[in-house]
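Hi,

Here is the structure I promised to pass on.

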Amino acid sequence: AQILSQFLHRNIQGLIISPICPGPQRGLPNQTLLNQFKIANIPILVLDHEVKGFSCLFIDDYEAGRRAARYLYERGHRHFVVCWKQGHGPFYFRKQGYVDELKGLSSISDPMYIDELLLPDGPEDGWYKPMQDYLMSALSGRPHPARGQPRLQAQRGPQLQVQPRYEAQRHPPLAAFCANDT
C-alpha cells in the first residue's frame, strides 16, 4: 500500500500491477487505493486477476509451466520438484502444466521423478524455510514430508505412477520449479 500511495502522489502516467491476492474467493488487497488511481484518470492494467472495473490481462500460466518443464528436461534433468500454493489459480495452472508436460515427455526407458512441495498459507517470506528444509533433506537423504510419501514417477498415460520410496530417494532433485513468482 505504501508504494502504491507513493506512485499515486507522484502523478505517474499509468500502472501495470500484478497484485498478490489472498485467494480466489477473497477481495483484492488495496482495492480502495486502486480506485483512487481510477478516479485520478491514471490507466491501470491488472495482471492475472479479474478486478471489476479495471482492464485485466491473463498470462497463459499452464503454457508457462509446460515450457519450464520442457526447458529443464531438454537440459537432462530427470528428477524434479514443483513448489506451489493452493487456492490461487495461476499457481495451480503453472504447476499443472509443468506436471502434464513431464508426464508427456517421460517413458518407461527414461523415467522421471516428481516431488511436490505444497507451500503454507501466508506471506511469501514464510515459504523460504519449507523450501530450504526440503532441499537440505533432499541433498542429505534425510526424510521430509514432501519426500516421505512414495515418489511420483511420471509416465505416459492418464495418471502418475507411484515410485517406491527407496528407489526415488537415490535420485535427489536437480531441477526445481516454483509455480508462484518466488
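Predicted model: local features only at pLDDT ≥ 70, side-chain atom pairs only at ≥ 80, totals over all residues.

Residues are numbered from 1 along each chain as its sequence is written, and side-chain values use heavy atoms, with hydrogens and water left out.

The overall picture: the chain has seven helices and eight strands; these are DSSP runs numbered from the N terminus, H or I of at least four residues for helices and E of at least two for strands. Of its 182 residues, 41% are buried (buried is under 20% relative accessible area, exposed over 50%, partly exposed in between, with a 1.4 Å probe and protein chains only). Taking contacts with a separation of 6 or more, 65% are between residues 24 or more positions apart (contact means heavy atoms within 4.5 Å).

Now the helix pairs. H1 (residues 2–9) and H2 have axes that come within 10 Å and cross at roughly 10° (axes are lines fitted to C-alpha atoms, for helices over the stretch in contact, and angles run from 0 to 180 degrees between N-to-C directions). That is why the two count as roughly parallel (under 35 degrees; over 145 is roughly antiparallel, 65 to 115 roughly perpendicular, and the rest oblique). On the H1 side you'll find Leu4, Ser5, Phe7 and Leu8, and they meet Leu33, Leu34, Gln36 and Phe37 of H2. By class, this contact has six nonpolar, two polar and no charged residues (Ala, Val, Leu, Ile, Met, Phe, Trp, Tyr, Cys and Pro are nonpolar, Asp, Glu, Lys and Arg charged, and the others, Gly among them, polar).

The axes of H3 (residues 61–74) and H4 (residues 89–105) come within 6 Å and cross at roughly 40°, so this pair is oblique. Among the residues making the contact are Tyr62, Arg66 and Tyr73 of H3, and Phe93, Arg94 and Glu101 of H4.

Ser106 is buried, since its relative accessible area is 0%. Its C-alpha lies 8.8 Å from that of Arg78, 28 residues away along the chain.

Which residues does Leu45 touch, leaving aside neighbours within four places in sequence? They are Leu15, Ile16, Ile17, Ser55, Cys56 and Leu57. Leu45 belongs to strand E2 and is partly exposed, at 25% relative accessibility. From Leu45 to Leu57, 12 residues apart along the chain, the C-alpha separation is 7.0 Å.

Most residues other than glycine have a negative phi. Asn41 lies in the loop between H2 (31–39) and strand E2 (44–47), and counts as exposed because its relative accessibility is 69%.

Finally, the cysteines. There are zero disulfides in the structure (a disulfide being a pair of cysteine sulfur atoms within 2.5 Å). Cys56 is partly exposed at 28% relative accessible area, whereas Cys83 is buried at 4%.

Cheers
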